[in-house]
Amino acid sequence: MELWQQMIRQSVHTPDQLVEKFGIKKEIAERLDDFFQARINPYYLSLIRYEGDPIWKQCVPDEVELEDIDAPEDPLGEDDMSPVPNITHRYPDRALFLVNSQCGLYCRFCTRKRKVGDSSKISMKGLEAAFKYLEEHTEISDVILSGGDPLMLTDEMLEKILIRLRQIKHIQVIRLGSKMPCVLPHRITEKLCNMLKKYHPIYCNTHFNHPWEITEESKRACGMLADAGIPVGNQCVLMKGVNDDPETMRQLMKGLLAMRVRPYYIYMADLTKGANHFRTPISKGMEIIDNLRGHISGLAVPHFVIDAPGGGGKIPILPNYVVSQDEDKIILRNFKYNVYEYPDVKEENVSEVQESNMRKLKKNIEKHKRSYVRKVKLPIANNQLA
Ligand code: SF4
């Protein structure tokens with residue numbers, strides 16, 4: 001057994017361990033275990049500095065999770081867009097391929113609680129139908145392996161999947177969605193990297209949320225992936241009490257870049273059962289981006305997105321840099337709030353695609369006459385909607 005597998009075995013996970021380690025009442029610990037089991041491996045546990053700190057909040061079950069049961073089971077509508085088990089096909093040329101139900105840590109904010117940790121929900125039996133779907137859908141050129149965590153598979157099992165994917169000629173890019181470089185960096189071994197580099201192009205999207213997760217071990221793991229030719233990007237979730245202040249995010253983004261990880265997304269927290277206490281106002285995310293863009297290297301500034309409830313996909317949100325706009329010019333403000341004017345060019349013919357997008361947008365706005373939509377400032381001039 002490899003070191004990382006032994007560490008998984010040594011995780012805190014039973015209600016009795018929750019009582020002993022964190023002083024949770026037994027009855028509450030049992031209810032939390034029923035709701036969403038715990039798994040805190042010894043490495044991640046060692047990152048906790050004090051009770052209730054940003055590391056603790058992400059992994060230690062909390063009674064407050066039991067109060068919040070109204071959110072949908074599947075907030076991103078992944079199951080509605082699942083043509084066969086284990087596959088979600090939302091975007092035209094990309095597919096999400098769930099290959100495993102297990103994770104190195106069970107995050108309390110997880111959006112996929114309904115499946116994670118339950119091998120009957122992400123079953124190895126579904127793999128064959130998934131491969132067949134990917135073979136038949138020649139428009140798919142990019143496959144994201146996720147779960148659970150694909151790096152919870154053994155090297156041998158993961159290699160079998162990669163071999164099958166590489167036999168499908170229209171699949172160009174394979175992405176690994178893995179939290180292991182952050183939560184259990186010991187999983188990134190020479191053996192794993194030597195195996196992965198046979199199947200390029202492979203990218204990895206990992207998930208660091210707080211600067212304390214940047215350690216000598218995680219730097220080593222991310223460096224090994226980069227040395228194996230695997231570009232590593234980071235997706236993080238904006239969470240109250242974890243990273244909802246500009247200075248924490250600045251340190252995180254700079255720390256990631258310094259260990260060769262490119263900040264990719266900051267997500268607004270999803271409307272997930274048991275995770276309402278992590279939600280922040282949208283303005284907090286905009287404030288954070290405003291404090292990053294222009295203040296630190298553009299390489300370290302991620303996109304701030306809302307993964308739209310019900311399967312709308314990732315929608316970028318930006319602080320407002322446009323002061324005003326007319327046919328002749330746009331007035332902008334920069335990161336220091338200084339104001340500049342940029343002269344516009346008149347275009348005789350609006351492209352057909354743009355016209356068709358405008359028609360579609362008008363139609364959809366009509367469909368959604370709810371008040372909040374009318375208040376939204378659309379990213380286009382009003383006269384184009386008339
Ligand atoms: S690693 Fe990802 S899938 Fe697993 S519990 Fe955490 S957020 Fe959920």
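Which residue takes a positive phi in the hairpin of strand 8 and strand 9? The first legend answers this. The model is predicted: local features need pLDDT of at least 70, side-chain atom pairs count only at pLDDT 80 or more, and totals for chains, interfaces and linings use all residues. Residue numbers start from 1 along each chain as its sequence is written.

**View 1. The hairpin of strand 8 and strand 9.** G310 takes the positive phi, near 85°. The hairpin has 4 residues between its strands. Strand 8 (residues 303-308) and strand 9 (residues 313-316) run antiparallel, joined by 4 bridges. A308 has G313 of strand 9 as its bridge partner. Strands (E, at least two residues) and helices (H or I, at least four) are DSSP runs, numbered from the N terminus. Two strands pair if DSSP finds at least two bridges between them.

**View 2. M239 and its surroundings.** M239 lies in the loop between strand 6 (232-238) and helix 11 (246-258). M239 counts as buried because 24 C-beta neighbours lie inside 10 Å; the cut-off is 20 or more other C-beta atoms within 10 Å, with C-beta atoms placed from the backbone. Leaving aside residues up to four places away in sequence, M239 touches F109, N209, D244, A269 and F278. Contact means C-beta atoms within 7 Å. The C-alpha atoms of M239 and K284 are 10.0 Å apart, with the two residues 45 apart along the chain.

View 3. pLDDT is the predictor's confidence in each residue, from 0 to 100. The chain averages 92, and 95% of the residues score at least 70. Where pLDDT is low, the predicted coordinates should not be read in detail.

Note on methods: Buried ≥ 20, exposed ≤ 12 C-beta atoms within 10 Å, placed from the backbone. Contact = placed C-beta atoms within 7 Å.
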